Amino acid sequence: MVPDIEISDLRVYFETAAGPVYAVNDLSTVFRAGRICGIIGESGSGKSVMGMSILRLLPNTAKVSGTCMFGDQELYSMPLKQLRRIRGGAIGLIPQNPNASLNPVLKVRRQLTEAVTTHRKLSKKEALAQAEELLSQFGFEDPKRILNQYSFEMSGGMNQRLVSALGLACHPGWVIADEPTKGLDAVIRNQVYTVLRKIHTEHHCSMIVITHDLHLAQKLCDDIRVLYRGQIIEQGTAQEVMEDPKHPYTLGLIHSLPDRGMIPIQQPIPERLDHRGCPFYPRCRQALQRCARECPQDVTLSSGRKVRCLLYE
């Protein structure tokens, strides 16, 4: 049985000349097995940092505290040798930057089959057949030719699909997909959505999908968590969050879409910058006076969804 992923009190910061900069701050959540969990928010909100922290793939300059339970195993303190067996095998990864993830001196054949044989007891012939099938699912018309190519011979969109195939090669119980449709045209985006949905349905693969693509999040995900400055400020089912957003930031994020009016979230008001309260206070159109001095906590609404905003306390 695939376990849940439970993050508690996660803080991630980077030391700079001006002092520590927190990318994730006081984040606690449970990703339930059997579901597709979406993470949305602006660039710099901490989405990828949170996702990479689960597999401890952050650079050495990152300072991480908190716990991440995978069933009865604590991933942040686990010996690296043991963690490597979980990476790819139990928790797969579709990284955001394919150029940094693919080895330019190894053919695609080697990279795909090696990923399979490392975690599964398959012969090279069986691994090769599985690699061809995966490439076909991700829209490659001639998988045999692709397997004999190098990543630098392919376009950015092709490499994005290739790292998606790599992340799913071992049929892991969980997949962390970091911007799986980034840089893809509408046709290929839809194809990637179809493959992810199919793998979730047929292989019962649980997913954490980190994305800027709000339409993908609504279409693909069961649950959505909204991040702002390293904190989850709203969470609920995809339909609830996208159709009836409660937090002013979520409302602004959705209304900034072209089909929702393309209304931008306002820039920070200068006189509000020096405050100790809600992190969204300098940009919030619905701010109260107390928002400048009080940090909101999670409020559970009658429907069971959560929102971190003083308007609902």
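Reader: Which residues form one aromatic cluster?

Author: In this predicted model, the aromatic cluster is formed by Tyr228, Tyr249 and Phe280.

Reader: What makes Tyr228 and Tyr249 an aromatic pair, and why is the pair called tilted?

Author: Ring centres have to lie within 6.5 Å for a pair, and those of Tyr228 and Tyr249 are 4.6 Å apart. The angle between their planes is 50°, and because planes under 30 degrees apart count as stacked and those over 60 as edge-to-face, with the rest tilted, the pair is called tilted.

Reader: How do you know that this pair links distant parts of the chain?

Author: Tyr228 belongs to strand β9 (residues 223-228), whereas Tyr249 belongs to helix α11 (residues 248-255), and the two are 21 residues apart.

Reader: Why are Tyr228 and Tyr249 given the label they have, buried or exposed?

Author: Buried means under 20% relative accessible area; Tyr228 has 7% and Tyr249 has 0%, so Tyr228 counts as buried, and Tyr249 is buried as well.

Reader: What makes the contact between Asp26 and Arg11 a salt bridge?

Author: The cut-off is a side-chain nitrogen within 4 Å of a carboxyl oxygen, and for the side chains of Asp26 and Arg11 the N to O distance is 3.9 Å, so the contact is called a salt bridge. Asp26 lies in strand β2 (residues 19-31) and Arg11 in strand β1 (residues 5-16), so the pair ties together parts that are 15 residues apart in sequence.

Reader: What is Lys246 joined to, and which network is Lys246 linked in?

Author: Lys246 meets Asp244 in a salt bridge, at 3.1 Å from N to O, and a network of salt bridges links Lys246 and Asp244 with Glu234 and Arg305.

Reader: How do you know that the charged end of Arg161 sits over a ring, and which ring is it?

Author: The ring is that of Phe140, and the charged end of Arg161 is 4.6 Å from its centre. The distance limit is 6 Å, and the charge must also be within 35 degrees of the ring normal; the charged end of Arg161 is listed as sitting over this ring.

Conventions: Residues numbered from 1 in each chain as written. Predicted model: local features only at pLDDT ≥ 70, side-chain atom pairs only at ≥ 80, totals over all residues. Heavy atoms only, no water. Phe/Tyr/Trp six-rings, centres within 6.5 Å; stacked < 30°, edge-to-face > 60°. Helix = DSSP H or I, 4+ residues; strand = E, 2+ residues; numbered from the N terminus. Buried < 20%, exposed > 50% of the residue type's maximum accessible area, 1.4 Å probe, protein only.
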